[in-house]
Amino acid sequence: SQKEIFKAMLFAIISDVEKFFYDVIINQTAKDIHYMDASMLANIAQIDIMMNMKQNETDENGENDDMFF
């Protein structure tokens with residue numbers, strides 16, 4: 001379902017932030033601190049696409065049963 005996919009993507013973003021934190025702040029092993037930019041933006045863009053698709057579906061049906069936030 002859409003909610004399960006959204007939940008998985010949200011956890012992926014959290015995982016990206018944790019990995020970034022450990023690689024840059026804690027372990028200081030990252031050679032490029034900007035590697036997270038693309039990953040984070042891609043995850044957020046995908047969530048935006050999914051939410052817009054869901055909004056378009058509800059607009060066409062005249063219903064809005066699901067709330068993400």
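Buried here means under 20% relative accessible area, with exposed over 50% and partly exposed in between (1.4 Å probe, protein chains only). The model is predicted, with local features needing pLDDT of at least 70 and side-chain atom pairs counting only at pLDDT 80 or more, while totals for chains, interfaces and linings use all residues. Residues are numbered from 1 along each chain as its sequence is written, and side-chain values use heavy atoms, leaving out hydrogens and water.

H1 runs over residues 2-26. With its 25 residues, H1 reaches 35 Å from first C-alpha to last, close to the 36 Å expected at 1.5 Å a residue (the expected span is 1.5 Å times one less than the number of residues). Ile5 also sits in H1, but counts as partly exposed at 43% relative accessibility. Ile5 and Met50 are 45 residues apart in sequence, yet their C-alpha atoms are 9.1 Å apart in space.

## The overall layout

The protein chain has two helices and zero strands. Both element types are DSSP runs, numbered from the N terminus: H or I with at least four residues for helices, E with at least two for strands.

Of the 69 residues in the protein chain, 17% are buried. The chain exposes about 5400 Å², and 58% of that comes from carbon and sulfur atoms. Areas like this come from the Shrake-Rupley method with a 1.4 Å probe; for residues, only the protein chains shown count as cover. If you look at contacts between residues at least 6 apart in sequence, 55% join residues at least 24 apart. A contact is a pair with heavy atoms within 4.5 Å.

Which residues build the largest nonpolar core? Seven do: Phe6, Met9, Ile13, Met36, Met40, Ile47 and Met50. A nonpolar core is a set of buried Ala, Val, Leu, Ile, Met, Phe, Trp, Tyr and Cys residues joined through side-chain atoms within 4.5 Å.

Leaving aside neighbours within four places in sequence, Met9 is in contact with Asn43, Gln46, Ile47 and Met50.

## A lone salt bridge

There is one salt bridge in the structure, and it pairs the side chains of Lys19 and Asp23 at 2.7 Å, N to O. The term covers a side-chain nitrogen of Lys or Arg within 4 Å of a carboxyl oxygen of Asp or Glu. Lys19 and Asp23 are about one helical turn apart, because they are four residues apart in H1. An α-helix has 3.6 residues a turn, so residues three or four places apart point the same way. Asp23 counts as buried, at 15% relative accessibility.

## A nonpolar patch on the surface

Phe21, Tyr22, Ile25 and Ile26 make up a nonpolar surface patch, together showing about 400 Å² of accessible area. Patch members have over 30% relative accessible area and no salt bridge; like charges are joined within 9 Å, and nonpolar side chains (Val, Leu, Ile, Met, Phe, Trp, Tyr) within 5 Å. One of them, Ile26, lies in H1 and is partly exposed, with a relative accessible area of 47%.

## The loop from H1 to H2

Just after H1, Gln28 takes a positive phi of about 50°, in a residue other than glycine. Gln28 belongs to the loop between H1 and H2 and counts as exposed at 63% relative accessibility.

Ile33 has its place in the loop between H1 and H2 too, and is partly exposed at 45% relative accessibility. Not counting residues up to four places away in sequence, Ile33 touches Phe20 and Val24. Ile33 and Phe20 are 13 residues apart in sequence and 8.0 Å apart in space, C-alpha to C-alpha.
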